[in-house]
Structures are given as C-alpha cells and as structure tokens.
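This report describes one protein model for a reader who has not seen it before. Please look over the sequence and the structure first.

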Amino acid sequence: MSNQVAGIVLAAGGSSRFGSPKQLLPWRGTSVLDSVINTAFETGLAPVIVVIGAYADQIEPVLPQECVVVRNDAWSEGQSTSIRIGLAQLSKDIDGVLILLGDQPQVNPHFCSSIVQKGLECGKITIPYVNDRRANPVFFPKQTFTRLGQVAGDQGGRAIFSEFQVEHLPWLDDCMALDIDTPEDYEHLKACYGLP
C-alpha cells in the first residue's frame, strides 16, 4: 500500500460472559488474539497497535514483539477508552486505521485488505456488511481521527457513523460476522472451520 494504514486491535475487555480470557483461547496452533495480530501484519498494516487491559499481565508476555502493546487501565469504562489510547500511538503520516476486534480470529487478510482498499479509494469510513449485518473490522480515514478520539463510554466507532460519509462493503461469508462472547460462540466458530 502506498498509503500508510495502521491497525488497532482491541483486546482489553474482561471476557465477562466467557469467564476466562478469550484472547488466549487456542486457535489453529496459536491463540485467538495472536491470529488477529498475524492477520493485521499480513494485511500490511503498520504499525499494529494492540490495546490490552483486563488480564494484561497474562496476555502481554505472549504477544509478538513486532506489535506495539499499550495498556488501558480504564478498560472497564468501555471500548472508547481503548480506541482513544490506540489512536494516541499514531504518527502524523498515517492515512487511515483499521480497527480489529481481538476476539475474531477467523477474520482473514483478504477480507481486511478488501476493506482497507475500498476505504482508501473512497476516503470514507468503510464498514463490511455480511448478509445485511454490520460487521468488523472497520476502516477509518484520517479525517475522522479527532472525532473518533472524542467518543466516550462503551461506544466504539459506530458512534460517529452518522457524522461522516460511510461506504458499505458487502461480503458473503457468514462466518466473518461472528465473534466470541460465550463458550458456545467459541464452539460455533470452531465448527464453522472444522476445528476440534
């Protein structure tokens, strides 16, 4: 990519509905969170910023050295605090950012690259839609960063969708819209990919 696009991986949550740190669950020979981070690198995102909070002492030692790890001590105040901390790590020459969720190990580089490419072409917030359901990750162009950093509480980027031009990227793979909130979600996601 001639444009520089960063990745922010949101992995600070407390996994309250899961009961243990879902970021560390096994996934294809690595962990759920490492799979997301690897996808960010394979997509060509740089830097890749990983925001951790709950379970930080367990998660940080096993993260890849190439990523920028930041701790969010206010993680319990909601997703917006992690986005703000992630944005604060970006240099002035970043043209856009792809915000990935740390509990979507199935999201692949082809999917992410398609979202980034569409976002750079149109210069708009770019949201994948899987069978008419809004999905993640989402691309945010540079002009949205200031406003995105002002979002408060347990709102993510969706809080500013109505304030900027938005592009939708239709996608047909149902599994791309899944995430892991409960043990049942984890089993369902594994079943999608024939994993034991």
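## Basis

The model is predicted, with local features needing pLDDT of at least 70, side-chain atom pairs counting only at pLDDT 80 or more, and totals for chains, interfaces and linings using all residues. Residues are numbered from 1 along each chain as its sequence is written, and side-chain values use heavy atoms, with hydrogens and water left out.

## Salt bridges

The structure holds nine salt bridges (a side-chain nitrogen of Lys or Arg within 4 Å of a carboxyl oxygen of Asp or Glu). One of them joins the side chains of Asp103 and Lys22, at 3.0 Å from N to O. Asp103 lies in the loop between strand 6 and helix 4 (109-122) and Lys22 in the loop between strand 1 and strand 2 (26-27), so this pair ties together parts 81 residues apart in sequence. Helices (H or I, at least four residues) and strands (E, at least two) are DSSP runs, numbered from the N terminus.

Asp103 is buried, at 9% relative accessibility, and Lys22 is buried too, at 12%. Buried means under 20% relative accessible area, exposed over 50%, and partly exposed in between (1.4 Å probe, protein chains only). Arg17, Lys22, Asp103 and Asp181 are linked in a network of salt bridges.

## Arg71 and its partners

Arg71 is partly exposed, at 40%. Its side chain meets that of Asp57 in a salt bridge (2.9 Å, N to O), and Asp57 is exposed, at 60%. Arg71 also forms a salt bridge with Glu60, a residue that is partly exposed at 31%.

## Helix 3

In helix 3 (residues 79-87), the buried residues include Ser80, Ile83 and Leu87. Helix 3 also gives the most to the lining of the largest pocket, with three residues.
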